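Student: I would like to learn how to read the features of a structure I have not seen before. Please take me through one.

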Amino acid sequence: MTVHDLQTLHRDGPPALPVEQWQAARPQVLRRWHEALGPLPELIEPEHDVVGVVDEVDHQRIHLRFRTSDRDCVPALLLVPSGPRSGLGIMALHPTNAAGKADVATADGRPGRRYGLDLVRRGHVVLAPDTITAGDRIAPGAKPYHTEAFVADHPGVSPVAKMLADHRQGVSLLASWSGVDPHRIGVIGHSLGGYNSWFLAGIDDRIRAVVSSCGFASFAGDPERHRWGRRDWFSHFPLLSDDLDRGRVPFEFHEVMALVAPKPLFNWLATGDRIFPNWVESTRALEQVHRLYESLGAADRFVTWLGHGAHDFPAPVSAVAYRFLEEHLAD
């Protein structure tokens, strides 16, 4: 697989995946992906401190902080059903909202974002962590989702790598929780949480099923050149900007999503999404991923829904997504 020319991507659309040669191509994609991410630290044994407990009508909300190998403490909400538990553990990753974890795990969250709350009410244990620069991790005097300080203090480590490292440690905590089957852990997210969900599944084998809402966009057709590189607020992969300035990228995002195969993955795109407007090119990219799943005998494990609407996770779609997680994690 070769480095992609941006002009060619915009003209011809996302390249075909080498389906027949995928096993040989996969290590190369993984290498380029890790080069953009930067190093990921080793996991440590789960350690956490409980900050507070709130008893809701149908579940308990545990406010806690869990430790990471880089001596950080990640604020998170653990939602535990009051009634029978399914055995499923779900990582609920939040979108780009200053409230962070509260947006997906409390009644104060926005409509179309309370998927963590919805899932605990279906009997599943849910962990919703704050990412860096969000929720309780917004530094005093700092703006949410401004990553300049992190990038300056951690050269060579992308903000996304830090997020994924923290999420992996969250998976360790969730897998160790009473009533959670460590072999039945899924992840769900919208927008930032959506692409972090399949990013996470591609590097952590403990994730067994994925739901991503409005969390996929190809480089092809994207009007925002440095969306994934250095920006004046949230920089995903700062090192990518050097390639972007030369008119090239080391991978297309459907190649990174292909690292998830053959795990079950449900993906929702909206034609009115103004954040990721290049849905035509993204749909063509996702078709390549579906071809890969077909070649692996797992066509039913990759589901893409495309519909009218904005950058949202509407109830009719989320209801299907929840069932997708439950059915595939039940196996």
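This is a predicted model: local features need pLDDT of at least 70, side-chain atom pairs count only at pLDDT 80 or more; totals for chains, interfaces and linings use all residues.

Student: How many helices and strands does the protein chain have?

Tutor: Helices (H or I, at least four residues) and strands (E, at least two) are DSSP runs, numbered from the N terminus. The protein chain has 11 helices and 11 strands.

Student: What radius of gyration does the protein chain have, and what would a compact globule have?

Tutor: The radius is taken over C-alpha atoms, and the globule rule is 2.2 Å times the number of residues to the power 0.38. For 331 residues the rule gives a value near 20 Å, and the protein chain agrees with its 19 Å. Along the principal axes, the C-alpha atoms fill a box of roughly 55 × 45 × 35 Å.

Student: What share of the residues is buried?

Tutor: Buried means under 20% relative accessible area, exposed over 50%, and partly exposed in between (1.4 Å probe, protein chains only). Buried residues are 56% of the 331 in the protein chain.

Student: Where is empty space left?

Tutor: Rolling a probe the size of a water molecule over the atoms shows this. On a 1 Å grid over the protein atoms alone, a cavity is a set of points where a 1.4 Å probe fits but cannot get out; a pocket is an open set with protein on both sides within 12 Å along at least five of seven lines; lining residues have an atom within 4 Å of a point. Grid points are joined across faces, edges and corners, and a volume is the space filled by probe spheres set on the points. The largest pocket holds about 380 Å³. Its lining has 20 residues, and Ile132, Thr133, Arg137, Ala139 and Phe150 are the closest to its centre. Strand S4 (73-81) and helix H5 (148-153) are the elements that give two or more residues to this lining, with H5 giving the largest share, 4 residues.

Student: Which residues lie nearest the centre of the second largest pocket?

Tutor: They are Thr96, Ser191, Tyr195, Trp233 and Ile275, out of 17 lining residues. The space in this pocket is about 260 Å³.

Student: How much space lies in the largest cavity?

Tutor: About 50 Å³. Among the residues that line the largest cavity are Pro41, Asp70 and Gln169.

Student: Which residue other than glycine has a positive phi near 60°?

Tutor: Ser191 has such a phi, and this residue lies in the loop between strand S7 (185-190) and helix H7 (192-203). Ser191 counts as buried because its relative accessibility is 8%. Tyr145, also not a glycine, has a positive phi of about 65°. Tyr145 sits in the loop between strand S6 (125-129) and H5.

Student: Where does Ala258 lie, and what is it in contact with?

Tutor: Ala258 is in the loop between helix H9 (253-257) and strand S10 (265-270). Contact means heavy atoms within 4.5 Å. Apart from neighbours within four places in sequence, Ala258 is in contact with Leu17, Trp22 and Leu292. Pro262 is found in the loop between H9 and S10, and the peptide bond from Ala261 to Pro262 is cis, with omega near 5°.

Technical notes
Residues are numbered from 1 along each chain as its sequence is written. Side-chain values use heavy atoms; hydrogens and water are left out.
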